[in-house]
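This report is meant for someone meeting the model for the first time. Please look over the sequence and the structure shown here before reading on.

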Amino acid sequence: MARLEFSPLELVERSAEAGRHDALLELGLMYAAGRDVEADLIEAHKWFNLAAARGNEEARRYRAELARDMTREQIAAAQREAREWLRSH
């Protein structure tokens, strides 16, 4: 039987889609640090925002710290992406 192999990103994304709130924070950390993905402040903010909306205080702190290095336009884009993700999940 063939064994399916997933990248670290795919595994965490699948966990987030399955409702694991800790995976939302992990995705934010991955994009903020560029760990197993290309660093992307908008993606990181989006995932921290989603985790914070579910009550994760650590995500709130990371989101605020990240926002200091982002433009208003980037923050608005991250918020739009978070809303879109919520609508589809």
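What percentage of the 89 residues of the chain count as buried? The share that counts as buried is 33%, where buried means under 20% relative accessible area, exposed means over 50%, and partly exposed covers what lies in between, computed with a 1.4 Å probe and protein chains only. The structure is a predicted model, in which local features need pLDDT of at least 70, side-chain atom pairs count only at pLDDT 80 or more, and totals for chains, interfaces and linings use all residues. Residues are numbered from 1 along each chain as its sequence is written, and side-chain values use heavy atoms, with hydrogens and water left out.

**The chain as a whole**

The chain holds five helices and zero strands, in the order α-α-α-α-α from the N terminus on; helices (H or I, at least four residues) and strands (E, at least two) are DSSP runs, numbered from the N terminus. Its radius of gyration is 13 Å, close to the 12 Å that the globule rule gives for 89 residues, so the chain is as compact as a globular protein of that length. That radius is taken over C-alpha atoms, and the globule rule is 2.2 Å times the number of residues to the power 0.38. Along the principal axes, the C-alpha atoms of the chain fill a box of roughly 50 × 25 × 20 Å.

Of the contacts in the chain between residues at least 6 apart in sequence, 44% join residues at least 24 apart, a contact being heavy atoms within 4.5 Å. The accessible surface of the chain comes to about 5,800 Å², and 47% of this belongs to carbon and sulfur atoms; the areas come from the Shrake-Rupley method with a 1.4 Å probe, and for residues only the protein chains shown count as cover. There are 14 positive and 17 negative side chains, and the centres of the two sets lie 6 Å apart. Here Lys and Arg count as positive and Asp and Glu as negative, while His and the chain ends are not counted, and the place of a charge is taken as NZ of Lys, CZ of Arg, CG of Asp or CD of Glu.

**Aromatic pairs**

Rings of Phe, Tyr and Trp (its six-membered ring) pair if their centres lie within 6.5 Å, and planes under 30 degrees apart count as stacked, over 60 as edge-to-face and the rest as tilted. By this rule there are two aromatic pairs. The rings of Trp 47 and Trp 85 have centres 5.4 Å apart and planes at 75°, so this pair is edge-to-face. It links distant parts of the chain, since Trp 47 is in helix α3 (residues 41-53) and Trp 85 in helix α5 (residues 72-88), 38 residues apart. Both Trp 47 and Trp 85 are buried.

Phe 48 and Tyr 62 form a stacked pair, with 5.3 Å from centre to centre and 20° between the planes. This pair also links distant parts of the chain, with Phe 48 in helix α3 and Tyr 62 in helix α4 (residues 57-67), 14 residues apart.

**Individual residues**

The table gives the relative accessibility of several residues.

| Residue | Relative accessibility | Class |
|---|---|---|
| Phe 48 | 1% | buried |
| His 45 | 3% | buried |
| Ala 77 | 13% | buried |
| Asn 49 | 19% | buried |
| Tyr 62 | 29% | partly exposed |
| Asp 36 | 51% | exposed |

His 45 has its place in helix α3 and, leaving aside neighbours within four places in sequence, is in contact with Arg 63, Leu 66, Ala 67, Met 70, Ile 75, Ala 78 and Gln 79. Asn 49 also lies in helix α3 and, not counting residues up to four places away in sequence, touches Arg 63, Gln 79 and Ala 82. Ala 77 lies in helix α5, and its C-alpha atom is separated by 8.6 Å from that of Lys 46, 31 residues apart along the chain.

Asp 36 is found in the loop between α2 (21-33) and α3. Most residues other than glycine have a negative phi, but Asp 36, although not a glycine, has a positive phi of about 70°.
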